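Have the viewer open while you read.

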Amino acid sequence: SVVVTNTYGAVTSAVALLIVVPTVPLAMALDTTNLVWTPEGDALWFGQTNVAHDGADAAQSGVLADHQQSRLRTSVTGPGTLAFWWKVSSQSGADVLSFSVGGALQAQVSGEAGWERRQFYVPAGSQMLEWAYAKDASGTNGLDAAWVDQVTFALGGTAPSLGTQPTNRIVLAGTAVDFSVTASGT
């Protein structure tokens, strides 16, 4: 609070609370000290200890206004398998956390999505990996932030794995039905 005085009197402000969020280096927050991390955009990603999949620390997107984005980048040399955990608290369908390999969109998520493990095959050669949290202009919802934790990259080929399993369906006889799965691996 503050007290402002002059010859005519004094006035005291309301009490304002300051919360300081402990920060850690991005490489530590992402559990990958062997990679070089570059935050870019309108508000930079940072390592923090308040929200984490592993209970210790994770990277969080910067605080954004409408029409802004926060990007987190690193590069790896493939082939190999990249795995990570991510989470978002945003306006569904409008404010989006996305992941790209070499500029090609691999996945995106929005709304209130809890921690989810993702795994992707990274092709041969030098590949730029990018996580981006972008806000549109329609408003805010949730905490308006994204998090990434426990990034791992393993060189070489990999066995196939399923990211999304098929779900049960009930249909009338003679009706077409679609099943969907996502798979990764060499």
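This is a predicted model: local features need pLDDT of at least 70, side-chain atom pairs count only at pLDDT 80 or more; totals for chains, interfaces and linings use all residues.

D31 counts as partly exposed, at 40% relative accessibility.

H67 is another one to click on: its phi is positive, about 65 degrees, although H67 is not a glycine. You'll find H67 in the loop between strand 6 (58-60) and strand 7. H67 is exposed, with a relative accessible area of 64%.

Then there's the peptide bond joining G78 and P79, which is cis, with omega at about 15 degrees. P79 belongs to strand 7.

**Aromatic rings**

The structure holds 7 aromatic pairs. Take F84 and W131 to begin with: their ring centres are 5.3 Å apart and their planes stand at 80 degrees, so the pair is edge-to-face. The cut-off behind that label is an angle over 60 degrees. F84 lies in strand 7 (residues 69-89) and W131 in strand 10 (residues 112-134), so this contact ties together parts that are 47 residues apart in sequence. F84 counts as buried at 1% relative accessibility, and W131 counts as buried at 0%.

W131 also pairs with F99, this time in a tilted arrangement, with 4.8 Å centre to centre and 40 degrees between the planes. F99 comes from strand 8 (residues 96-101) and W131 from strand 10, so the pair ties together parts that are 32 residues apart in sequence. F99 counts as buried too, at 0% relative accessibility.

Zooming out, which residues do the ring pairs link into a cluster? The members are W37, F84, W86, F99, F120 and W131.

One more ring to look at is W147: K87 lies over its face, at 5.6 Å from the ring centre.

**Salt bridges**

Side chains of opposite charge can pair when their charged atoms come close. With a cut-off of 4 Å between a side-chain nitrogen of Lys or Arg and a carboxyl oxygen of Asp or Glu, the count comes to 7 salt bridges. Among them are these:

| Salt bridge | N to O distance |
|---|---|
| E130 and R71 | 3.9 Å |
| D95 and K135 | 3.1 Å |
| D144 and K135 | 3.0 Å |

E130 and R71 meet at 3.9 Å, N to O. E130 lies in strand 10 and R71 in strand 7, so their bridge ties together parts that are 59 residues apart in sequence. As for cover, E130 is buried, with a relative accessible area of 16%.

D95 and K135 meet at 3.1 Å, N to O. D95 is in the loop between strand 7 and strand 8, while K135 is in the loop between strand 10 and strand 11 (145-155), so the pair ties together parts that are 40 residues apart in sequence. Is D95 buried or exposed? At 0% relative accessibility, D95 counts as buried. K135 counts as buried as well, at 6%.

K135 has a further partner in D144, with the closest N and O atoms 3.0 Å apart. D144 counts as buried at 14% relative accessibility.

**A nonpolar patch on the surface**

Last stop is the outside of the model. V2, V4 and V11 make a nonpolar surface patch of about 250 Å². V11 is found in strand 2 (residues 9-12). V11 is exposed, with a relative accessible area of 51%, and the cut-off for exposed is over 50%.

Key
Residues are numbered from 1 along each chain as its sequence is written. Side-chain values use heavy atoms; hydrogens and water are left out. Patches are made of residues with over 30% relative accessible area and no salt bridge: like charges are joined within 9 Å, nonpolar side chains (Val, Leu, Ile, Met, Phe, Trp, Tyr) within 5 Å. Accessible areas come from the Shrake-Rupley method with a 1.4 Å probe; for residues, only the protein chains shown count as cover. Helices (H or I, at least four residues) and strands (E, at least two) are DSSP runs, numbered from the N terminus. Buried means under 20% relative accessible area, exposed over 50%, partly exposed in between (1.4 Å probe, protein chains only). Rings of Phe, Tyr and Trp (its six-membered ring) pair if their centres lie within 6.5 Å; planes under 30 degrees apart count as stacked, over 60 as edge-to-face and the rest as tilted. A charge sits over a ring if NZ of Lys or CZ of Arg is within 6 Å of the ring centre and within 35 degrees of the ring normal.
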